[in-house]
Amino acid sequence: MTKTYDVAVLKGDGIGPEVTEAAVRVLDAVQKSSKNFKLNYLYGEAGYHCIAEHGTNLPSETVALLKRSVACLKGPMTTPEEPGAPVSVAVTLRRMFNLYANVRPCRSFPNVESLKPNLDFVVVRENTEGLYSGVEFQLAPGVGVALRIITHDASLRVAEFAFKLAENRKKRLTYIHKGNILRITDGIFKDAVKEAAQKHPDVTIEEMHVDAATMQLIKRPESFDVIVTTNLFGDILSDEAAQVTGSLGLAAGANIGDAYGMFEPVHGSAPKYTGMNRVNPIATIMAAAMMLDYLGEKAAAAKIEKAVLEVLREGKVRTADLGGTSTTTQMCEAITSKISEH
Ligand code: NAD
């Protein structure tokens with residue numbers, strides 16, 4: 001029987017439309033070759049380009065469309081930085097759908113330069129609070145305050161998620177914090193991780209301060225399996241990890257809650273490359289594969305991953321970030337034709 005999934009697609013800003021359309025073409029190819037499921041794409045407008053017309057980067061029609069879908073493939077979006085401007089769409093969606101775990105796989109790819117060979121670890125970042133709480137105000141001219149809200153419940157929830165992931169991997173978990181300085185907030189986070197650890201005695205845990213972790217990610221990235229940390233630390237560490245393992249153009253992320261999943265590349269809208277058909281679509285294609293995995297279409301997800309690895313292994317099609325001259329379209333076509341071959 002053919003299963004149908006309503007999935008929202010938000011193309012975003014800058015290079016967003018190019019990479020998202022490439023990912024949709026790959027999803028089309030895998031549906032054609034798998035034949036046992038169908039994706040019904042619900043296209044919505046969101047991002048910086050909506051602000052002039054709608055006064056918001058997330059119009060209410062898009063919110064309604066997202067609520068009708070089971071998952072979302074989201075392209076990168078430009079985030080306005082002026083005080084009072086709409087907050088990032090990703091941050092709003094994470095809060096709106098309670099997408100508490102941000103999962104960023106970090107692995108080395110064939111023919112892609114990485115600091116060490118055969119890297120394979122995952123950064124799990126708390127996604128709903130911390131310094132992304134959005135509570136920031138000016139006390140007096142030149143004096144500002146941002147609240148770093150950390151709760152036991154949100155920390156425990158993300159720790160549980162990370163332990164379950166570690167159980168299905170190499171059974172090692174590193175929790176990263178700055179508890180020597182942020183004693184109350186990171187004290188709460190540390191206690192929650194230790195509480196979750198009691199239910200997962202087969203997972204070995206290691207504790208690390210965030211400054212040491214940035215160094216260890218360079219020095220011994222192979223020693224990590226699952227990393228769990230708070231929101232901002234996770235954001236920074238996962239970008240670092242993307243570079244340690246290769247290119248930002250290859251790194252995908254999932255935002256997972258109990259009832260919804262949103263999937264996106266780790267990179268942003270890279271406005272200077274807009275419309276140049278130059279950037280690497282693989283991060284968004286891998287995000288689409290993560291979405292299929294989340295929907296339970298594991299064979300289709302594996303097929304996309306295999307096609308990506310084969311194209312990279314062959315090394316004939318390489319975008320500029322990988323040291324080549326191939327276009328976004330050529331990379332997409334190479335991947336879709338591998339899928340069709342299988
Ligand atoms: P960026 O990730 O957009 O770009 C940084 C650099 O990374 C680019 O100049 C480019 O050299 C490289 N790069 C990014 N994507 C690539 C790809 N697919 N292929 C090859 N190279 C790639 O970061 P930025 O310049 O700091 O941010 C631009 C905008 O994106 C900002 O408005 C920022 O807020 C936003 N942003 C959005 C998201 C999101 O929507 N989830 C994430 C990060 C940044």
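Is Cys106 buried or exposed? Cys106 is buried, because its relative accessible area is 3%, under the 20% cut-off for a buried residue. The model is predicted.

**Cys106**
- Cys106 sits in strand 4.
- Leaving aside residues up to four places away in sequence, Cys106 touches Leu119, Asp120, Phe121, Val122, Val123, Ala241 and Thr245.
- Asp225 is 119 residues from Cys106 along the chain, and their C-alpha atoms are separated by 9.6 Å.

**Helix 10**
- Helix 10 covers residues 298-314, which is 17 residues.
- From first C-alpha to last, helix 10 reaches 24 Å, close to the 24 Å expected at 1.5 Å a residue.
- The buried residues of helix 10 include Ala300, Ala301, Ile304, Ala307 and Val308.
- An α-helix has 3.6 residues a turn, so residues three or four places apart point the same way.
- The buried residues of helix 10 pack against strand 4 (101-107), and also against helix 1 (16-34), strand 2 (37-44), helix 9 (282-295) and helix 11 (328-341).
- Gly315 follows helix 10 and has a positive phi, near 70°.

**The ligand**
- There are 20 residues around the ligand, and Met77, Thr79, Gly268, Ala270 and Asn280 come nearest.
- The shell consists of nine nonpolar, seven polar and four charged residues.
- An N or O atom in the side chain of His267 is 3.2 Å from a nitrogen atom of the ligand.
- An oxygen atom of the ligand lies 3.0 Å from a backbone N or O atom of Ser269.
- A polar backbone atom of Asn280 is 2.9 Å from a nitrogen atom of the ligand.
- The ligand taken alone exposes 800 Å², and the protein buries 68% of that.

Technical notes:
Residues numbered from 1 in each chain as written. Predicted model: local features only at pLDDT ≥ 70, side-chain atom pairs only at ≥ 80, totals over all residues. Heavy atoms only, no water. Helix = DSSP H or I, 4+ residues; strand = E, 2+ residues; numbered from the N terminus. Expected span 1.5 Å × (residues − 1). Buried < 20%, exposed > 50% of the residue type's maximum accessible area, 1.4 Å probe, protein only. Contact = heavy atoms within 4.5 Å. Near = heavy atom within 4 Å. Polar contact = N/O pair within 3.5 Å; in protein donor to acceptor, adjacent residues only side chain to side chain. Areas by Shrake-Rupley, 256 points an atom, 1.4 Å probe, with all protein chains shown as cover. Nonpolar A, V, L, I, M, F, W, Y, C, P; charged D, E, K, R; others polar.
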